[in-house]
Amino acid sequence: MDWGTELWDARERRATLPERRRETEDQFEVLERHTQWGLDLLDRYVKFVKERTEVEQAYAKQLRSLVKKYMPKRPGKDDPESKFSQQQSFVQILQEVNDFAGQRELVAENLSVHVCLELAKYSQEMKQERKMHFQEGRRAQQQLESGFKQLENSKRKFERDCREAEKAAQTAERLDQDINATKADVEKAKQQAHLRSHMAEESKNEYAAQLQRFNRDQAHFYFSQMPQIFNKLQDMDERRATHLGAGYRLLSEAELQVVPIIAKCLEGMKVAADAVDAKNDSQVLIELHKSGFARPGDVEFEDFSQPMNRVPSDSSLGTPSDGRPELRGPGRSRAKRWPFSKRNKPCPPPLSPLGGPLPSALPNGPPSPRSGLDPLAILSEISKSVKPRLASFRSLRGSRGTVVTEDFSHLPPEQQRKRLQQQLEERNRELQKEIDQREALKKMKDVYEKTPQMGDPASLEPRITETLNNIERLKLEVQKYEAWLAEAESRVLSNRGDTLGRHTRPPDPPASAPPDSSSNSNNGSQDKESSEEPPPEEGQDAPIYTEFDEDFEEEPASPIGHCVAIYHFEGSSEGTISMAEGEDLSLMEEDKGDGWTRVRRKQGGEGYVPTSYLRVTLN
């Protein structure tokens, strides 16, 4: 069923031509209103999707602002709260919400590109096509109107000529019967009647030809031209409706496209919620704030009943009865008051570079010369002996007035040990990186010396010198941090030994002790003093730093990836290896910045090839 046929059922019942013309105009106006309504609906949908896109964009923007507001400002490694599973789960939820906002932005982008822009462009094309079809219909109507007017004119002329011819014939007959009329008048009247009759005949022929032409044009208009225009309008409207339906479908497809990702975001939030571990958070709190200080010991009994023979105790001032100055181990009088006072900080005895106490600090030990120590150890010993009394020039003052030193001595022993261990590992990584860079520069220099066209060897000297300086500096820093780490570990071990000693000592005498028990108290105090001596530390003879030996032999390394040769390369210089185009190689060492990569061939043989000649894939 098409409009060009079905919309003309009623025209057969029209009797007169004006009624047919009105029928044409009515149907034409119906199609004009319907097609305009369809285009208006298309524009309304485009406007709806555009506003929907703005809503999605505003929603995504608000979600991102919300995530930015609650996201931790400090980096994860500097924020101790980031080590708790609760904080990690919250950050993961914020990241999932941020990803969810990204999906909403993707929905808005898809709707804007595939719906708004395409349908708006298609709407303009439809409007132009509709305008063209209706202009064609108007021209056909105007042509038919013009033919009808010409037919009417020829008809009226034929009618007028017929009346005039009949009148002229009547006049000629009347003069022919009049006896008073002259012969000339009669001939003239006959000629006039014959002329009028000839003109009427011509008008009749013209009217007949015009009527035939109009009927032919009218049949073409109603049976061919207008049905074709109506069918074109029908095809245009159906295509518009199809595109509009596709636009409706795109609205849902844009949502369905992001449903899997949104489901993953929600699943990630669920996983983050399940990842909260209260027990682990409790352990993290212990690791973060474990001090390593010894617990304060029991307050000892002081007998004041014998004024002349007062029993010396750990908390009394002066010297013991044997005349030797009292040596307080770490974690005794000062460490016991640490939980109650911020100014009393435990100060361990000076340690040797080997991790144990200096010989001069041992009780009843003869002073030993320092000439046999390493100069770096002497400098470390001097700096450690000065630190308790004077803050280093490298120290910084914290927000609460705490002196933050480079060796982290402002922290409790356990935290100091952890921070020093981290710094030591970081320095070792930097040192290894500089050593690798130095080796790479040396290899590059050798290649330049053997192949001058590849570069000038002298241009690498500044970089090699800078790398050597960095290596020396990092070695000194490694030695320094190793010494500090050994000192911190000895403090932790001494505090642990002191705590164990307190738990194993005999109980204090009661308050009602007899006066003659002073000697026993004195002996007991000496026994406790000896029992509280820290146990000998293991590994005191181990060196606190190691020398870097660059002449060691490396064990055969396993490949870290594989690569394919893109171009052919002839390894003519020393240290290089040849390869064929398309050959599979094992990657043994990545490019260190010098443009060369170490590879191994399957047939055997290992060497360096240009990095730009390879397509590398890491394991």
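Figure 1. Strand S4 (residues 584-589) is joined to S5 by four bridges, and the two strands run antiparallel. Two strands are taken to pair if DSSP finds at least two bridges between them. This is a predicted model, in which local features need pLDDT of at least 70 and side-chain atom pairs count only at pLDDT 80 or more, while totals for chains, interfaces and linings use all residues. Residues are numbered from 1 along each chain as its sequence is written, and side-chain values use heavy atoms, with hydrogens and water left out. Leu585 has Arg601, in S5, as its bridge partner. Six residues lie between S4 and S5 in the hairpin, and Gly593 in the turn has a positive phi of about 105°.

Figure 2. Five bridges pair S5 (residues 596-601) with S6 in the antiparallel sense. Arg600 is bridged to Glu606 of S6, and Thr597 is bridged to Val609 of S6. The hairpin has four residues between S5 and S6, with Gly604 in the turn at a positive phi of about 110°.

**Figure 3. The five strands build an open sheet.** The order is S6-S5-S4-S3-S7, and the pairing is antiparallel. S6 (606-610) and S7 (614-618) stand at the edges with a single partner strand each, so one side of each lacks a neighbour in the sheet. On average, neighbouring strands of this sheet are turned by 40° against each other, direction ignored; the axes are lines fitted to C-alpha atoms, for helices over the stretch in contact, and angles run from 0 to 180 degrees between N-to-C directions. Across the chain, the secondary structure comes to 10 helices and seven strands, where helices (H or I, at least four residues) and strands (E, at least two) are DSSP runs numbered from the N terminus.

Figure 4. H3 has a kink of about 30° centred on Ser112.

Figure 5. The core has 42 residues, and Tyr45, Leu111, Met226, Phe230 and Leu233 have the most contacts inside it. A nonpolar core is a set of buried Ala, Val, Leu, Ile, Met, Phe, Trp, Tyr and Cys residues joined through side-chain atoms within 4.5 Å. Two or more core residues come from each of H2 (17-70), H3 (85-177) and H4, and H3 gives the largest share, 17 residues. His133 lies in H3 and counts as buried because its relative accessibility is 4%; buried means under 20% relative accessible area, exposed over 50% and partly exposed in between (1.4 Å probe, protein chains only). Not counting residues up to four places away in sequence, His133 touches Ile229, Lys232, Leu233 and Met236, contact meaning heavy atoms within 4.5 Å.

Note on methods
The bend at a residue is the angle between axes fitted to the seven residues ending there and the seven starting there.
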